[in-house]
Amino acid sequence: MPETNNRSKLMFNIILFGPPGSGKGTQSEKLIEKYGLKHLSTGDLLRTEIAAQTPLGIEAKAIMDKGILVPDDVVVGMIKNALEKNKGVNGFLFDGFPRTEAQAIALDNLLQENNTEIGVVLALEVSEEELIKRLLNRGLTSGRSDDTNEAVIKARIEEYHKKTTVVADHYNKSAKVLHVKGEGSVEEIFAALSAAIDERKK
Ligand code: ADP
């Protein structure tokens, strides 16, 4: 239907990018409210499966507790379902996805099938020392088993360097990446992210 096509052309989709502990979850909550976006966090989707003790959740938990990535087809399948269930939104905010080049390619294809694309990739920059501090601190209250053990936290950061930083290179080819300092107050970082979005949305 042409009407649907016109609507999806107007969508503005964002990837919030950065290492574990860089503040993606906190900033996502604020950004979806300000810009009326649908939040899609693969980490949250996986934790919902874990809480429901589905076969996928049970399999994913064992992997997540080691600090490594779950298979691409699992997360791509979850994102595909979520895109189908949320037709007609203003746009999506992807948080913790894509995390590998294969996931980025799959996402680009899924968005293209829906006649839309990524508008901007916002890359949060935080020092490694600060990341470890924040994650250990989050582990005191988050109830997340992957936040309580320093070795697992380090494995997650290593996995990020090994497999995820290439996602920024992928989107840099089309000049979609904007770097934002992820240290400072939540409000300062939110203001910097909002300014970057407003610049790209013009
Ligand atoms: P954080 O960014 O703090 O590590 P997330 O909730 O995004 O928190 O991810 C927690 C874990 O869930 C990851 O360590 C990984 O095992 C799994 N995970 C989340 N998103 C993905 C993804 N896109 N691809 C593969 N694994 C993922």
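A crossing of two helices is left-handed if the near helix is turned anticlockwise from the far one by less than a right angle, and right-handed if clockwise. The model toured here is predicted, so local features need pLDDT of at least 70 and side-chain atom pairs count only at pLDDT 80 or more, while totals for chains, interfaces and linings use all residues. Residues are numbered from 1 along each chain as its sequence is written, and side-chain values use heavy atoms, with hydrogens and water left out.

**First stop: α5 and α6**

Select helix α5 (residues 72-85) and helix α6 (residues 101-113); helices (H or I, at least four residues) and strands (E, at least two) are DSSP runs, numbered from the N terminus. Their axes lie 10 Å apart at an angle of about 20 degrees. Axes are lines fitted to C-alpha atoms, for helices over the stretch in contact, and angles run from 0 to 180 degrees between N-to-C directions. α5 is therefore roughly parallel to α6 (under 35 degrees; over 145 is roughly antiparallel, 65 to 115 roughly perpendicular and the rest oblique). The crossing of α5 with α6 is right-handed.

Next, display the side chains of Asp72, Val75, Val76, Ile79, Lys80 and Leu83 in α5, which meet Ala102, Gln103, Ala106, Leu107, Leu110 and Leu111 in α6; contact means heavy atoms within 4.5 Å. This set divides into 9 nonpolar, 1 polar and 2 charged residues (nonpolar: Ala, Val, Leu, Ile, Met, Phe, Trp, Tyr, Cys and Pro; charged: Asp, Glu, Lys and Arg; polar: the others, Gly among them).

Asp73 also belongs to α5. Asp73 is exposed, at 60% relative accessible area (buried is under 20%, exposed over 50%, partly exposed in between, with a 1.4 Å probe and protein chains only).

**Second stop: α2 and α9**

Move to helix α2 (residues 24-35) and helix α9 (residues 186-201), whose axes come within 10 Å and cross at roughly 45 degrees. That angle makes α2 oblique to α9, and α2 passes α9 in a right-handed crossing. Residues in contact include Leu31 and Tyr35 of α2 and Phe190 and Ile197 of α9. The contact comprises 7 nonpolar, 3 polar and 5 charged residues.

Finally, select β4 (residues 118-125), which is largely enclosed by the rest of the structure because 6 of its 8 residues are buried. Strands pair if DSSP finds at least two bridges between them. β4 pairs in the parallel sense with β1 (residues 13-17) over 5 bridges, where Leu16 has Leu122 as its bridge partner. β4 also pairs with β5 (residues 177-181), in the parallel sense and over 5 bridges; there, Glu125 stands opposite Lys181.
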